[in-house]
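Thank you all for coming.

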Amino acid sequence: MKLTLGQIQSAMGAVGFLGDSEDMAFIGVQTDSRVLKRGELFFCISGERFDGHNFAKAALKRGACGIVAERPPFSMDEMMEMECHEGGVPLLMVQDCVVALGRLAAYHRLLTKAIVTGITGTAGKTTVKELLAEVLSVRGSTARNHLNLNNQIGLPVSILGATGDEKYWVMEAGISKPDDMDELGDILRPDLGIILNVGEGHTEGLGDKGVAHYKSQLLKYVQPGGVGLVSADYPDLTEACTKKFDEMRYFSTKDPECAYYAEYSGAVSDIQGKYCVNLCGKEFDVIAPFRGAFAAENVIAVAAAADIIGLKSTEIIQGFAQATLPERRFNCSQRGNWLVIDDCYNSNPLSCVRALETASELAEDKPLVLVLGEMLELGEQAYEAHKDLGTKITESNADVVCWIGKNSNAVKEGLDETNFTGEFHSVETPQQFLNLCKTLGVNDGTILFKGSRGNKLERFVSVFCDNFCRCRTTGITGAL
């Protein structure tokens with residue numbers, strides 16, 4: 001990033017006196033004073049639990065090059081007390097720090113010559129973002145969101161974290177309210193807009209027009225000459241998208257006649273799978289860092305996007321071969337007698353069903369244990385969605401289900417109606433989970449951890465791996 005404080009002030013429409021600092025360049029932006037690096041610009045963003053204005057002084061002590069605030073965050077006496085800021089510090093006043101952050105990111109986006117890809121969808125967008133970034137990096141330098149920093153704060157911070165000199169940007173956009181995509185799309189303005197899928201997710205905050213409508217809003221912001229890339233496997237999505245954008249391409253895992261098509265060919269190893277892709281008649285195999293038929297959707301979205309951008313088949317193959325999955329997104333690891341699947345970063349009905357189907361496939365004829373957390377932010381659809389999940393659990397042939405969070409009664413109703421023959425247990429804490437595991441007699445198999453972020457299932461993953469996985473080097477064993 002090569003913006004000066006003067007350019008920043010103009011881009012945000014901020015009020016402030018910069019003096020000799022107008023031409024000062026800064027190295028990035030930060031909203032958390034605890035991790036701020038010297039030379040970063042600190043935004044005093046107010047949230048539900050913290051008010052950034054209360055941490056402006058701490059940001060200065062860590063070397064902030066300036067402060068963006070909605071109200072004076074400290075007195076002049078406090079500023080002068082700071083030895084390293086005896087001459088004062090640039091203070092830029094705005095009406096809304098989040099809006100100002102977005103304006104600054106939008107300005108930076110207009111300056112970059114990178115090909116910008118925007119990704120949205122109900123399930124798998126972070127995985128697709130990471131895979132596509134890995135594939136494009138074969139051709140040139142690529143910037144991306146860090147993990148799933150994809151909202152009105154995370155997306156601008158990610159954009160401003162890029163230098164602007166990269167060849168490609170791959171950014172995901174996540175929404176939970178009706179106007180979110182308009183706000184994010186106006187910042188991102190992609191050259192290629194990808195809509196991966198639609199399903200129930202964050203429906204509590206969305207309006208009554210349906211998830212497909214709000215996801216499709218991304219295409220309104222695709223730049224002139226750009227392309228929209230959309231799954232053809234969701235009729236409501238294709239209908240919504242055709243109303244938004246003319247230059248459309250489609251991919252599918254159901255229709256072999258679709259221009260971009262992929263199917264799962266089978267396992268290559270415990271954690272890798274082979275997928276056959278067809279890109280407008282060019283057919284070849286890729287090896288991906290996951291297994292299962294459901295992931296063919298991720299594969300074809302990435303391969304199609306890379307093809308549209310101009311990569312060769314050999315480059316796409318190489319990119320997949322070097323790719324790794326982001327943390328806690330269906331990460332599979334063989335821990336002694338157990339195949340542990342850590343997919344606990346988030347959950348919604350679409351992603352959870354897909355995880356169940358793949359875990360069942362991976363388990364084959366061995367025991368399958370499911371450690372599942374409540375699917376959050378579903379609003380009025382929560383009870384029925386969890387009841388339907390109970391039905392899908394029965395179809396997975398799971399032997400044991402451990403449930404964390406609310407709506408266990410809805411899950412149990414779905415299990416009962418479909419004559420579930422396994423064990424169902426509801427637990428609240430990792431300690432309760434540990435105690436339960438000690439009473440069960442399953443010694444090996446596949447265990448899936450899947451739940452919404454609020455459940456913090458990584459705590460349960462740690463408890464299980466620390467106590468019930470055999471260490472290959474010592475031979476210590478444990479039974480679940």
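Before I turn to the strands, let me say that two of them are taken to pair if DSSP finds at least two bridges between them, and that helices (H or I, at least four residues) and strands (E, at least two) are DSSP runs, numbered from the N terminus. What we have here is a predicted model, in which local features need pLDDT of at least 70 and side-chain atom pairs count only at pLDDT 80 or more, while totals for chains, interfaces and linings use all residues. Residues are numbered from 1 along each chain as its sequence is written, and side-chain values use heavy atoms, with hydrogens and water left out.

With that in place, Gly118 stands opposite Gly193 in E8; strand E5 (residues 115–120) and strand E8 (residues 192–195) run parallel and are joined by four bridges. These strands belong to an open sheet of nine strands, ordered E6-E7-E5-E8-E9-E10-E11-E12-E13, whose pairing is mixed. Its edges are strand E6 (142–144) and strand E13 (282–288), each of which pairs on one side only. On average, and with direction ignored, neighbouring strands of this sheet are turned by 20° against each other, where angles run from 0 to 180 degrees between N-to-C directions and axes are lines fitted to C-alpha atoms, for helices over the stretch in contact.

There is also an open sheet of four strands, in the order E1-E2-E3-E4, with parallel pairing. Here strand E1 (28–30) and strand E4 (91–93) are the edge strands, each pairing on one side only, and neighbouring strands are turned by 25° against each other on average, direction ignored. Within this sheet, strand E2 (residues 40–43) and strand E3 (residues 66–69) pair in the parallel sense over three bridges, and the bridge partner of Phe43 in E3 is Val68. Helix H4 (residues 97–111) packs on the sheet and touches E1, E2 and E3, its direction making about 145° with that of E2; contact means heavy atoms within 4.5 Å.

Which residues does Leu91 contact, once neighbours within four places in sequence are left aside? Leu91, which is found in strand E4, is in contact with Val15, Gly16, Phe17, Ile67, Ala69 and Pro73.

Let me move to a pair of helices. H12 (residues 349–363) and H13 (residues 382–395) pack at an angle of about 10°, with their axes 10 Å apart. The two helices are therefore roughly parallel to each other, a term used for angles under 35 degrees. In this contact, Pro349, Cys352, Val353 and Leu356 of H12 meet Ala385, Leu389, Lys392 and Ile393 of H13, and these residues divide into seven nonpolar, no polar and one charged. For these classes, Ala, Val, Leu, Ile, Met, Phe, Trp, Tyr, Cys and Pro count as nonpolar, Asp, Glu, Lys and Arg as charged, and the others, Gly among them, as polar.

Finally, H12 also supplies seven residues, the largest share, to the lining of the second largest pocket. By class, that lining has six nonpolar, three polar and six charged residues.

Terms used:
Angles under 35 degrees count as roughly parallel, over 145 as roughly antiparallel, 65 to 115 as roughly perpendicular and the rest as oblique.
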